[in-house]
Amino acid sequence: MEEQKKWWKEAVVYQIYPRSFKDSNGDGIGDLRGILEKLDYLSYLGIDVIWMSPIFQSPNHDNGYDISDYQGIMDEFGTMEDFRLLLKESHKRGIKIILDLVVNHTSDEHPWFIKSREEKENPYWDYYIWKPAKNGKEPNNWGAWFGGSAWEYDENRKKYYFHQFSPHQPDLNWKNPKVREEIFAMMRWWLEQGIDGFRMDVINMISKTEDYSDGALKGLYGDLSPYCMNGPQVHEYLREMHEKVLCRYDIMTIGEAMEAGVEEAKKYAGAARKELNMVFQLEHLDMGRGQYGKWNDKPVNLKELKEIFGKWQEELKGTGWNSLCWSNHDQPRAVSRFGDDGTYWEASAKMLATCLHMMRGTPFIYQGEEIGMTNAGFQKLEDYRDVESLQAYQELVEEAGVSHGAMMEYLKLKSRDNARTPMQWNEERQAGFTEGSPWIPVIGSYPEINVHKQRSEESSILNYYRRLIALRREKPVIVYGDFHMLLKESESVFAYERKLDGVKLTVVCNFTTQETPCGLVSETASILISNYQDRASGILRPYEAVVYEEQCKGGRL
Ligand code: TEU
Ligand code: CA
């Protein structure tokens, strides 16, 4: 079947974490005017779409993922006028903007929740999920994602409310049609402002089962996933959203779908299903979980990584569309996790970019990845800001008996703050991010790793990303070609083919610090892009990536 052409398949998305991108007024917090100042940089990079993490009114217990007013801009980030200007200036440059839609939960300071917790019955009572105590305790044993119980007692209503994340993020009750109508109206309002789509936060968690029994014990609490992920009515709600909102606009919609397998993803993003364009599959980022979930120091297993990518690439073929990312604001830095942030920093950052951008799907670049920013690796607990990291420290060290030293290592590898440090613009004070003092420390590597330096070096990681992005426009095979995994058994090489209309690309990537013999290395085929200046024969050098382009017969696999 011929793949349907869509702008959102051809696009490259750049994710901005506004708090850490660029501060325009010296208060140490990034803001919309700061993003405006950097639009020309994004044009230079060549991206098509900006996804901004939440910019709405929020008390910031979870940096904007706890929203108290969906139609107001966070004071620290600016005003609605600033937003309109940013949208206009972006569109002028041919860049689209998609916003983060966080509607599984609101802030506990949202007026709906303030009303919902009132003693006296009112229309907002059913906007959230309330349950009576069971034997004087929580309604069940479910644990929240950020630690502790998923239930919080409210003195006024004398009941518990449900929160999958922090107690400051109560879950909305999607079963209530009034809640859905309010959300749909808010979405239409934003689309009428001219935005180009939504990234939907934890959208596969909005429908819960009717069964509120205890979950299987996972550490100190019961696992709520089977009761809350991909719940019984989630597709019904999304089809309603599609019908009442999404189908009226030519937009990009991408749903974050934790723990959703391929079959589930086909339902969310099946071309014929009228739900979403694509989902973020986070399976490769969730790899290597252990006794304490993500908090461990297990190394990445390349074979497993390839199996995951291979499965998604091959199984969504013809039925859905992939998103491609190595990282985001919840993950460690790509080069630190999947590459090498020491000796082979530059080669491995370029290799990872090649490996991802040549696959089939829409690539997402997380701010700073294009210059090879590394993990923060904070030495002191005081440097961490993230609610998840701090709660995990408390729970694991103070309650589960993990040592301080071990936990500090886990945080260095996995904390979300690793990717939330200020964008490194230049070698000046605070990396050119702020004139004041930043809300989270700038990391020490900025004199070497920054935009200004890499703009002037032709062989920089930044200029390599520019070439990759430009190639996507020149070569339809990169967007629409068939995908076929090669060397499945190799424990050091990630290789695959793409084919379209008589053009074949062979992508060969060495994921190790060792020279590796590889039969796919060609001495004659023409090279489309590579992270080494010269060719070697029969071997791949450390973190080498090469893309060969050949004419082939037929073009179909
Ligand atoms: O993330 C979903 C989510 O569950 C993550 O918190 C994930 O489990 C964790 O970060 C991995 O360590 C989304 C947002 O991307 C995240 O920033 C929010 O904190 C969360 O939802 C709640 O809105
Ligand atoms: Ca600011």
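How far apart do the C-alpha centres of domain 1 and domain 2 lie? They lie 29 Å apart, in a predicted model for which local features need pLDDT of at least 70, side-chain atom pairs count only at pLDDT 80 or more, and totals for chains, interfaces and linings use all residues. Residues are numbered from 1 along each chain as its sequence is written, chains are lettered from A and ligands numbered from 1 in the order in which they are written, and side-chain values use heavy atoms, with hydrogens and water left out.

**Domains and cores**

The protein chain is divided into domain 1 (8-100 + 177-467) and domain 2 (483-555), with bounds that come from an automatic or database domain assignment. Across the boundary, 26 residues of domain 1 are in contact with 28 residues of domain 2, where contact means heavy atoms within 4.5 Å.

The largest nonpolar core has 163 residues, and those with the most contacts inside it are M52, F83 and M187. Such a core is a set of buried Ala, Val, Leu, Ile, Met, Phe, Trp, Tyr and Cys residues joined through side-chain atoms within 4.5 Å; buried means under 20% relative accessible area, exposed over 50%, and partly exposed in between, with a 1.4 Å probe and protein chains only. Helix 12 (residues 345-357) gives the largest share of this core, eight residues. Because domain 1 and domain 2 both give residues to this core, it lies between them. Apart from it lies another core, of 11 residues, among them I129, A144, Y160 and Y212.

**Helix 6**

Helix 6 (residues 177-192) has 16 residues and reaches 22 Å from its first C-alpha to its last, close to the 22 Å expected at 1.5 Å a residue, the expected span being 1.5 Å times one less than the number of residues. Helices (H or I, at least four residues) and strands (E, at least two) are DSSP runs, numbered from the N terminus. The buried residues of helix 6 are V179, R180, I183, F184, M186, M187, W190 and L191. Seen down the helix axis, these residues fall within an arc of 160°, so they line one face of helix 6; the arc is that of the directions from the axis to the C-beta atoms. Among the elements that cover them are strand 4 (69-73), helix 4 (80-92) and helix 8 (234-244). Leaving aside neighbours within four places in sequence, M187 is in contact with L101, F198, M200, M241, V245 and L246. At the start of helix 6, a side-chain oxygen of N176 reaches to within 2.9 Å of the backbone nitrogen of K178.

**Residues with positive phi**

Most residues other than glycine have a negative phi.

| Residue | Phi | Location |
|---|---|---|
| G194 | about 105° | just after helix 6 |
| Y543 | about 55° | loop between strand 21 (539-540) and strand 22 (545-551) |

Y543 is buried, with a relative accessible area of 5%.

**Two further residues**

R416 lies in the loop between helix 14 (404-414) and helix 15 (451-456) and counts as buried at 6% relative accessibility. A polar contact of 2.9 Å joins the side chains of R416 and D386; a polar contact is a pair of N or O atoms within 3.5 Å, of which, within protein, one must be able to donate a hydrogen and the other to accept it, and residues adjacent in sequence count only if both atoms are side-chain atoms.

Q4, by contrast, is exposed, with a relative accessible area of 52%, and is found in the segment before helix 1 (7-10). Q4 and G318 are 314 residues apart in sequence and 9.3 Å apart in space, C-alpha to C-alpha.
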